[in-house]
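Biologist: I should like to go through this model with you, one question at a time. Where shall we begin?

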Amino acid sequence: MSLRSAQKQMTRSLLLASALEVFGEKGYVGTTVDDIAVRAGANRATFYLHFSSKSELIAALLGEVSELVVSTDKPTLTEVVASGERGKIEAFFARRFDHWPQMMPYVVVANQAADVEAAVQVMVDHWHETAIAEITEGLTIAGRFAPETRRARALAAFAQLEYYSRRWAHVGGWTDLVTRPTALHVLTDSWYSLLVG
């Protein structure tokens, strides 16, 4: 990689990191391109050399968090569901919980952006649909439950995890009312019942 390419990549990474910080402080709607550029020590023109809009920048941020999720999903969600093993389900949740502190700033801003940017809503919907499809595929591989009910079960299972993650982000972590061990136990029980039977 040339020095120029390396500098360009470093500036892009700095813009992404700065955007995540400012979005966390001001929210998606309250953040301007200038806010992001200034935080990165750049200007508006530099921002537009790298991104055509805030929504394009959000797409890049979603790409980063997707890579994190995919790189840590071993075994994959499909394999976990297909196995039908309670221990694998619990380990899946434990890994997800471990990554929530790193992932949630991305998820929160993506949800904020999706409320006002149709293109971002499409990306978030795709993200959710991918997880639901993986759960459905696991049930299909295992041959569990009637085929016409598999997607409904996958949707219910995903909704539980999605709600827990949103609630966790909203209250700023685990609380005395819902501790990590309790959430881990209850979600595992629920998914085991719903997806294994």
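Biologist: Which residues does Ser165 touch, not counting residues up to four places away in sequence?

Modeller: This is a predicted model, in which local features need pLDDT of at least 70, side-chain atom pairs count only at pLDDT 80 or more, and totals for chains, interfaces and linings use all residues. Residues are numbered from 1 along each chain as its sequence is written, and side-chain values use heavy atoms, without hydrogens and water. Contact means heavy atoms within 4.5 Å. With residues up to four places away in sequence set aside, Ser165 touches Trp100 and Met104.

Biologist: Is Ser165 buried or exposed?

Modeller: Ser165 is found in helix 8, residues 147-171 (helices are DSSP runs of H or I, at least four residues, numbered from the N terminus). Buried means under 20% relative accessible area, exposed over 50%, and partly exposed in between, with a 1.4 Å probe and protein chains only. The relative accessible area of Ser165 is 6%, so Ser165 is buried.

Biologist: How are helix 4 and helix 6 oriented to each other?

Modeller: Residues of helix 4 including Leu61, Val65 and Leu68 meet residues of helix 6 including His99, Met103 and Tyr106. The two helices pack with their axes 10 Å apart, at an angle of about 160°. Angles over 145 degrees count as roughly antiparallel, under 35 as roughly parallel, 65 to 115 as roughly perpendicular and the rest as oblique. Helix 4 and helix 6 are therefore roughly antiparallel.

Biologist: How far apart are the end C-alpha atoms of helix 7?

Modeller: The expected span is 1.5 Å times one less than the number of residues. The 25 residues of helix 7 should therefore span 36 Å, and the end C-alpha atoms agree with this, being apart by 36 Å.

Biologist: On which residue is the kink in helix 1 centred?

Modeller: A straight helix of 28 residues would span 40 Å, whereas helix 1 (residues 3-30) spans only 35 Å between its end C-alpha atoms. Helix 1 has a kink of about 90° (the angle between axes fitted to the seven residues ending at a residue and the seven starting there). The kink is centred on Gly24.

Terms used. Axes are lines fitted to C-alpha atoms, for helices over the stretch in contact, and angles run from 0 to 180 degrees between N-to-C directions.
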